[in-house]
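The following questions and answers set computed values against the definitions behind them. Please consider the sequence and the structure first.

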Amino acid sequence: QVQVVESGGGLVQAGGSLRLSCAASGTIFRVNVMGWYRQAPGKQRELVASMTLSGDTNYADSVKDRFTISRDNAKNEVYLQMNSLNPEDTAVYYCNADVVTTTWRTLGYWGQGTQVTVSS
């Protein structure tokens with residue numbers, strides 16, 4: 001079994017910062033790609049940032065130069081440092097982990113989501 005657990009969401013003023021954390025645990029052999037997605041009400045879920053085992057990163061244009069993704073491979077954790085937040089960043093943020101289990105199943109696992117609200 002694999003579990004993905006997020007934390008760090010909350011309410012913040014425009015211009016402020018938040019740090020999201022996500023931990024994957026369970027019968028894990030390897031976590032290949034970890035990433036963050038977000039979804040606002042009535043809108044499509046979109047990729048925010050992702051990171052490979054080797055450290056390659058991808059960012060949505062809307063967050064590039066403001067958000068930074070990082071990960072601790074030994075702990076199967078991924079983080080999202082969000083700076084210069086604005087109300088357009090308000091959404092539910094989801095963690096996704098591309099996991100190879102100890103029984104050689106490969107699946108993308110989702111966290112439960114954490115609410116980020118930015119006030120103007």
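Q: What does N76 touch, not counting residues up to four places away in sequence?
A: N76 touches C22, A23, A24, I28, V31 and M34, where contact means heavy atoms within 4.5 Å. The model is a predicted one, in which local features need pLDDT of at least 70 and side-chain atom pairs count only at pLDDT 80 or more, while totals for chains, interfaces and linings use all residues. Residues are numbered from 1 along each chain as its sequence is written, and side-chain values use heavy atoms, with hydrogens and water left out.

Q: Why is N76 called buried?
A: A residue is buried under 20% relative accessible area, exposed over 50% and partly exposed in between, with a 1.4 Å probe and protein chains only. N76 has a relative accessible area of 18%, so N76 is buried. Its place is in the loop between β7 and β8.

Q: How many helices and strands does the protein have?
A: The protein has zero helices and 11 strands. Helices (H or I, at least four residues) and strands (E, at least two) are DSSP runs, numbered from the N terminus. From the N terminus on, the order of elements is β-β-β-β-β-β-β-β-β-β-β.

Q: What makes A49 a buried residue?
A: The relative accessibility of A49 is 0%, and therefore A49 counts as buried. A49 belongs to strand β5, residues 46-51. Not counting residues up to four places away in sequence, A49 touches G35, W36, N58, Y59, I69 and L80.

Q: Why does F67 count as buried?
A: F67 counts as buried because its relative accessibility is 2%. This residue is found in strand β7, and its contacts, leaving aside neighbours within four places in sequence, include R38, V48, Y59, L80 and Y93. The C-alpha atoms of F67 and L107 are 40 residues apart along the chain and separated by 26 Å.

Q: Is D65 buried or exposed, and how do you know that?
A: D65 has a relative accessible area of 71%, so D65 is exposed. D65 sits in the loop between β6 (57-59) and β7 (67-72). Its phi is near 80 degrees, a positive value in a residue other than glycine.

Q: Why is S84 called partly exposed?
A: With 43% relative accessibility, S84 counts as partly exposed. S84 lies in the loop between β8 (77-82) and β9. Phi of S84 is near 50 degrees, which is likewise a positive value in a residue other than glycine.

Q: What makes Y94 and W110 an aromatic pair, and which kind of pair is it?
A: Rings of Phe, Tyr and Trp (its six-membered ring) pair if their centres lie within 6.5 Å; planes under 30 degrees apart count as stacked, over 60 as edge-to-face and the rest as tilted. Y94 and W110 are 6.4 Å apart centre to centre, with 85 degrees between the planes, and form an edge-to-face pair. Y94 lies in strand β9 (residues 91-101) and W110 in strand β10 (residues 106-110), so the pair ties together parts that are 16 residues apart in sequence. The structure holds three aromatic pairs, and Y37, Y94 and W110 form one aromatic cluster.

Q: How do the classes of Y94 and W110 follow from their accessibility?
A: Y94 counts as buried because its relative accessibility is 15%. W110, at 39% relative accessibility, counts as partly exposed.

Q: Where does V5 lie, and what is V5 in contact with?
A: V5 lies in strand β1, residues 2-7. Leaving aside neighbours within four places in sequence, V5 is in contact with S21, C22, A23 and Q112. V5 and G111 are 106 residues apart in sequence and 5.4 Å apart in space, C-alpha to C-alpha.

Q: Why does the radius of gyration agree with that of a compact globule?
A: The globule rule is 2.2 Å times the number of residues to the power 0.38, and the radius is taken over C-alpha atoms. With 120 residues, a compact globule would have a radius of gyration near 14 Å, and the protein has 14 Å, so the value agrees. Buried residues make up 41% of the 120 residues.
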